Every structure is written in structure tokens, then in C-alpha cells.
Amino acid sequence: MADIVTAAMVVIGDEILSGRTKDKNIGHLADMMTASGIDLREVRIVPDDEDEIVAAVNAVRARYDYVFTTGGIGPTHDDITADSISKAFGVPCEYEPRAYAILEANYATRGLEFSEARKRMARMPRGAGLIENPVSVAPGFRIGNVHVMAGVPSIFQAMLDNVMPTLKTGAKLLSTTVQCPYGEGTIGGPLGEIQKAHPDTIIGSYPKYLDGKFWTELVVRSRSQEAMDRARDAIEAMLGGITKAA
């Protein structure tokens, strides 16, 4: 079986925490990670504060194989992600020659001034590699296991498409769903026993309500088809026993 590969995400921005901007990147990253057999284990949302960003990035990069950040790499004064990541790695934040050339050429082609604010988007930690941006040109960057990308969803998604082929993947998590006509109060005890008896699976219980009726969706996840099938069979047998007793 392939190794388990893990990831975390750090979402950066006061606008996310205040509710002015609704995040659309977490779900997309989760979908992409799941499809590639990478476990997204943690998501942190932090403000535009250097110490908070440094602490969050250093915490998760030590625990997981990959870290993805979004937000804070634009041209304005509050775009402090590049400086913060540089501090987290203990290296200078400086103009990256290739990024600088890409941006300079782009603004020249458009007849726009390559201002000091726009030059900020070429700043990144010393030793970082570029993540190409096919949407608006300004690149993201990677250093160590940390991938730093834009917060604008269309740009984030395009950058992530360029990152995905560079990642190692793990064993994909399989899943199957059992529709349960009973509420969690009825199945909670026996379902817990089934989980204990099948440690190679993750069993989730999700209450549902529609048209005045309650039921529960039970989802079994595992990297082993056989283990998943055994747990599903145990759940179905448990539900069958409740039905007969009713």
C-alpha cells in the first residue's frame, strides 16, 4: 500500500475572518487532495499579522508533508505573506530575478508603470521556486514543503493545477455510504462498537432532515476495500437487527 501523504492549509486574511470575503479555496483544495490520495488534515485561518502567520506556518509545516497558503501576496501594504514566510524560514525576503523579469515584461507589454507596489509581487524568500500564474502572471512560490498562492479563487485554482503534478500521492481513501432510517440516538452505541471492531476504517455519522423526517447517513472510509466492506456489512447487520426488533 502506498504511503499516507498529509497536508494542511493556512488561509491568510482579515477579510476572511471578518466575513467580507467568503472563502472558496478550502473546498477546492480538499477536493483536489482527496482525488490525489493526500489527506488534508488541518486548516487554519489567520489574520494579516506577521507573528500569527509565522506561528501557523511553522506549526503545520513541521507536522505535515505539504502546506498550502492562500492570500496576502498582492501589491498592497497589507500583503505581508512573503515577508512572513521568509521570517518563518529564517531567510531574507527579496526580489526573485525571474519573477521580477516576468512582471516587468508583462507591465511593459500592457503599457503600465512597473511601480514599487507592483514590484512587491516579485518579492519572496531567498531560495524559493516560482509557482506559475497563467491568469494574472504574478507568481506564487514554494519553499521547503510550503506552497504560497493567491487568494483569488480563479488564480489559486490555476496555481494549484501547476503544483499538483509535483506532489507525491498516497493511497486513496475509499468510501461507501449506508442509508440509515434511524436517528443517531438509536444507533450511537452499536455504531461505536463497530468502529472499535474495525480500526482500519473511519465511520462517520451524518444526521439528515427533510420533509419532516429524520434519518442518518453513515459513511465508511478506508484505504482497504476489504476493511471497508467488512465494516459496511457489520453496519447493515446492525441495522437489520434493529428493524427486526422494532
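Which exposed residues are carried by the face of α2 turned away from its buried side? The points below begin with that helix.

1. Basis of the note. This is a predicted model, in which local features need pLDDT of at least 70 and side-chain atom pairs count only at pLDDT 80 or more, whereas totals for chains, interfaces and linings use all residues. Residues are numbered from 1 along each chain as its sequence is written, and side-chain values use heavy atoms, with hydrogens and water left out.

2. Helix α2. Helices (H or I, at least four residues) and strands (E, at least two) are DSSP runs, numbered from the N terminus. The face of α2 turned away from its buried side carries the exposed residues Asp31 and Thr34. Buried means under 20% relative accessible area, exposed over 50%, and partly exposed in between (1.4 Å probe, protein chains only). The helix covers residues 25–35, and its buried residues are Asn25, Leu29 and Met33. Seen down the axis of α2, these fall within an arc of 65 degrees, so they line one face of the helix; the arc is that of the directions from the helix axis to the C-beta atoms. The buried residues of α2 pack against β1, β2, β3 and α7 (153–163). After α2 comes Gly37, with a positive phi near 80 degrees.

3. Strand β1. In strand β1 (residues 5–12), eight of the eight residues are buried, so the strand is largely enclosed by the rest of the structure. In a regular strand the side chains alternate between the two faces of the sheet. Here both faces are covered: Val5, Ala7, Met9 and Val11 are buried on one side, and Thr6, Ala8, Val10 and Ile12 on the other.

4. Neighbours of β1. Two strands pair if DSSP finds at least two bridges between them. β1 pairs with strand β2 (residues 38–46) in the parallel sense over eight bridges, and Val5 stands opposite Ile38 in β2. Strand β3 (residues 66–70) also runs parallel to β1, to which five bridges join it; the bridge partner of Met9 in β3 is Phe68.

5. Ile53. This residue has its place in helix α3 (residues 50–61) and is buried, with a relative accessible area of 0%. Leaving aside neighbours within four places in sequence, Ile53 is in contact (heavy atoms within 4.5 Å) with Ile12, Val46, Pro47, Ile80 and Ser84. The C-alpha atoms of Ile53 and Glu132, 79 residues apart along the chain, are separated by 23 Å.

6. Aromatic pairs. A search of the whole structure finds five aromatic pairs. Rings of Phe, Tyr and Trp (its six-membered ring) pair if their centres lie within 6.5 Å; planes under 30 degrees apart count as stacked, over 60 as edge-to-face and the rest as tilted. One of the pairs joins Tyr100 and Phe114, whose ring centres are 5.0 Å apart with planes at 70 degrees, so the pair is edge-to-face. Tyr100 lies in helix α5 (residues 97–109) and Phe114 in the loop between α5 and α6 (116–119), so the pair ties together parts that are 14 residues apart in sequence. Tyr100 is partly exposed, with a relative accessible area of 22%, whereas Phe114 is buried at 14%. Phe114 also forms a stacked pair with Tyr107, 5.9 Å centre to centre and with 25 degrees between the planes. Tyr107 is buried, with a relative accessible area of 9%. Ring pairs link Tyr95, Tyr100, Tyr107 and Phe114 into a cluster.

7. A charge over a ring. The charged end of Arg61 sits over the ring of Phe89, 3.9 Å from its centre. The criterion is that NZ of Lys or CZ of Arg is within 6 Å of the ring centre and within 35 degrees of the ring normal.

8. Helix α9. The 21 residues of α9 (residues 225–245) should span 30 Å at 1.5 Å a residue, and the end C-alpha atoms are 30 Å apart, which agrees; the expected span is 1.5 Å times one less than the number of residues. Its buried residues are Ala227, Met228, Ala231, Ile235, Met238, Leu239 and Ile242. They cover an arc of only 105 degrees around the axis, which puts them on the same side of α9. The face turned away from that side carries the exposed residues Glu226, Ala237 and Lys244. What covers the buried residues of α9 includes β9 (174–180), α8 (184–197), β10 (202–210) and β11 (213–222).

9. Val137. Phi of Val137 is near 80 degrees, a positive value in a residue other than glycine. Val137 lies in strand β7 (residues 137–143) and is partly exposed, with a relative accessible area of 24%.
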